[in-house]
Amino acid sequence: MSEKIKMQLQCPMPKFDFEVITLGHGSGGLLTHRLLKSGVFDIFKNDILDQQHDGAIFQLEGKLAFSTDSYVVSPIFFPGGNIGDLAINGTVNDLAMCGANAKYLSLSFIIEEGLAMSAFWQVLVSIKEAAENAGVQIVTGDTKVVEKGKGDKIFINTSGIGVVHPKARIHHNHIEPGDVIIVSGHIATHGIAIMSIRKGLEFETELKSDTANLNHCTQALIEQFGSNIKFMRDPTRGGIASVLNEIAELTQLGFILDQRKLPIEEQVEGACEMLGLDPLYVANEGLFLAVVKGEIAQDFLSALKEFPLCENAAIIGEVAQTPAGKVLMKSGIGGSRVVNYLTGEQLPRIC
Amino acid sequence: MKYLTEYRNPELAEQFFEEIKRITTRPWTLMEICGGQTHSLVKNGLLEMLPDFITMVHGPGCPVCVTSISVIDEAIWLAEQPNVILCSFGDMLRVPGSKKSLLEAKAEGADIRILYSPLEAVQLAAENPEKQVVFFAVGFETTAPANALSVVHAHKQGLNNYSILASHVLVPPAMEAILGDEENRIDGFLAAGHVCAIMGLEEYFPVAEKYHCPIVVTGFEPVDLLQGILMTVKQLEAGIYKVENQYTRAVQREGNKLAKDTIDEVFVTGDRIWRGIGRIPQSGYEVNEAYRNFNARVKFNITIEPAEENKECISGDIMKGLKKPFQCPNFGTKCKPEHPLGAPMVSSEGACAAYYHYAGSKMLQD
């Protein structure tokens, strides 16, 4: 039985006397109280949340990292996950990329009235599961309901605080020529999995989003490789091309990719060909880019491949003095081209 | 990936490069017709690897780029009518009209949907009988059969809330317009593989004959393009001009009969204005009389003032092969994908966008 189904069985939906969420559930009155009591406080139960203050009160030792992100994915359920997993893993991973292990999260919902309680419950259960897997607690939050048409089923915001690993020295300033660019798994899978079920674009595939937490893996790698890890980033929206452009601009170094080394699933590559999308710009989840010192690149890669979901990790390029501030890709055929920022959304082409 | 990897084989490509170098004795200027070919050339870095004496210029085969500003205005006007759902291929959305783009109209509240197939628009019409669904039928001969088929389907289903805004353009008249231009410097053509998969080769024979110009129907992968270039140069070096087919895995001499019959069922050929180039006789498809109820121009009685093209955009010269994107004073400065002066900078198949996005280090230095 899959973990997901187990969790659903362990957390059966309590009996609510309503089937859909209405404006009243965000009013702060009795309906809000009922929804929060059985729907939120019970399921996320922990000492800090149980205090039911206006905010969370806690103590943390060491250097801290703080991050926030909002989740508006459509459709909210997709192969391999839903907006709930995404909201937890996303913020946990943003902290992980700072070298931090997430400890506490805030969780806010903006719900469009009419959302089925069963759908909301499914999201809550996924949040609980993702939080447990990442070892993070939800300690404060908020729920608002907006009129039909003023939202899109459900939006989630999470903010998180994490403790930075004492050996972490992650900053783009440490990147230098000779460093190596590594990606932790297949690229573009999440974006294509979501696109495959979007209205008007449905195509048959067995692809699943690879949404997952990265904190356990990155903490272990930092413990082993310390300051030899120069930079980490999870290339979500905008894909790996956007992240590399950002750091190329910041460091004024050249980032040279090798097209032949990019790990990509055949189905994803095929879908990108068919839809006219460049996988370098397609969104990822549960994936990260690392820039590491050249000397340790092979050891880092071997260590990384030991982690779940990282078996397809690969060295995809290197850092050079020139072309300053640019990302270049050597094509499979031997030529080279600049990889630029994307303008707006990638739009499907005509033919 | 099967059917792609073999056409991206570096060893094979190298052999073609060597052969092109070996047989070429003087400079030649070739034009690839299709924007997809342009992008493949630039994206794979082929332009930088070709010998200096082969100059590739980039043709008008980007449907988004050649759609006139007035047609974009028509589409925006339609999208802004009450109870209208305007469906379009994604590519068209960012192209500037005279006042705004479809993307801006969408942001202002117009109901504009991005679809992959016009048949989805027919389905949308069936599901929304209270709405008028209009499909923005853009493209070369490649997309014409599917767009025509959508009209046939809607007719069979008895839908009276479906219509298309046809803006189809045709390759052979455009080639003639380019070859007939007094400034023309094209020695040979790589014809667009997918257009020929529909239409076949026949209509290219008179063009090759009249202008003494080799035409090689070519695919889109690096090895296809290099082989197409080699075949064209071979003809030029030998002083011959005929129509040849490099893209044999997709193109047959007679084309696709079923597709051509569907086009003939719904469309009629007429003059069309090409953005940046002007009116070309008999260069487009419009919905014919028999299916006039499915023609959005008739149905909505569109009367839009013809708008002027942006004079600062030299897209006409680029698509006729007279200039390269870098030779435009506004390239990358006043004109960028985020604020384009013309369509070639925003379309995913536009030559300016190809140079802007992918141009390699050598091209950047030039």
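This is a predicted model: local features need pLDDT of at least 70, side-chain atom pairs count only at pLDDT 80 or more; totals for chains, interfaces and linings use all residues.
**Entry 1: helix pair in chain A**

I began with H4 (residues 83-97) and H5 (residues 117-134) of chain A. Their axes come within 7 Å and cross at roughly 30°. Angles under 35 degrees count as roughly parallel, so H4(A) is roughly parallel to H5(A). I noted the hand of the crossing as right-handed. Next I listed the contact residues. H4(A) brings Ile83(A), Gly84(A), Asp85(A), Ala87(A), Ile88(A), Asn89(A) and Val92(A). H5(A) brings Val123(A), Leu124(A), Ser126(A), Ile127(A), Ala130(A), Ala131(A) and Ala134(A). Sorted by class, this contact has ten nonpolar, three polar and one charged residues.

**Entry 2**

I then turned to a sheet in chain A. It is open, has four strands in the order E1-E6-E4-E5, and its pairing is mixed. E1 (64-71) and E5 (137-146) are the edge strands, each pairing on one side only. From one strand to the next, the twist averages 15°. I looked up how E4 (residues 100-112) meets E5(A): they run parallel, joined by nine bridges. Within E5(A), Thr143(A) is the residue opposite Phe109(A). H5(A) turns up again here. The helix packs on the sheet and touches E4, E5 and E6 (154-164) of chain A. The direction of H5(A) makes about 170° with that of E4(A).

**Entry 3: a hairpin in chain B**

In chain B I checked E10 (residues 267-274) and E11 (residues 278-287). Seven bridges pair them in the antiparallel sense. Gly270(B) faces Gly284(B) of E11(B). Three residues lie between the strands of this hairpin, and Gly276(B) takes a positive phi near 80° there.

**Entry 4: Arg297(B)**

I located Arg297(B) in helix H14 (residues 296-299) of chain B. Buried or partly exposed, I asked of Arg297(B)? A buried residue needs 20 or more other C-beta atoms within 10 Å. Arg297(B) has 19 C-beta neighbours inside 10 Å, so it counts as partly exposed. Its contacts, leaving aside neighbours within four places in sequence, are Leu165(B) and Ile302(B). I also looked up Ser163(B), which is 134 residues from Arg297(B) along the chain; their C-alpha atoms are separated by 8.9 Å.

**Entry 5: where chain A touches chain B**

I took the contact between the chains next. Chain A supplies 25 residues and chain B supplies 40 residues. On the chain A side, H9 (266-275) and E13 (336-339) are the elements that give two or more residues. H9(A) gives the most, with four residues. This side has nine nonpolar, eleven polar and five charged residues.

**Entry 6: backbone exceptions**

Most residues other than glycine have a negative phi, and most peptide bonds are trans. I went looking for departures.

- Ser74(A) and Pro75(A) are joined by a cis peptide bond, with omega about -5°. Pro75(A) sits in the loop between E1 and E2 (77-78) of chain A.
- Thr322(A) and Pro323(A) also have a cis peptide bond between them, with omega about -5°. I found Pro323(A) in the loop between E11 (314-320) and E12 (327-330) of chain A.
- Gln52(A) is not a glycine, yet has a positive phi of about 50°. Gln52(A) lies in the loop between H3 (47-50) and E1 of chain A. With 9 other C-beta atoms within 10 Å, Gln52(A) is exposed.
- Asn83(B) has a positive phi near 65°. I placed Asn83(B) in the loop between H5 (69-79) and E3 (84-88) of chain B. Asn83(B) is exposed, with 11 other C-beta atoms within 10 Å.

Methods:
Residues are numbered from 1 along each chain as its sequence is written. Chains are lettered from A and ligands numbered from 1 in the order in which they are written. Axes are lines fitted to C-alpha atoms, for helices over the stretch in contact, and angles run from 0 to 180 degrees between N-to-C directions. Angles under 35 degrees count as roughly parallel, over 145 as roughly antiparallel, 65 to 115 as roughly perpendicular and the rest as oblique. A crossing is left-handed if the near helix is turned anticlockwise from the far one by less than a right angle, and right-handed if clockwise. Two residues are in contact if their C-beta atoms, placed from the backbone, lie within 7 Å. Ala, Val, Leu, Ile, Met, Phe, Trp, Tyr, Cys and Pro count as nonpolar, Asp, Glu, Lys and Arg as charged, and the others, Gly among them, as polar. A residue is buried if 20 or more other C-beta atoms lie within 10 Å of its own, exposed if 12 or fewer, and partly exposed in between; C-beta atoms are placed from the backbone. Two strands pair if DSSP finds at least two bridges between them.
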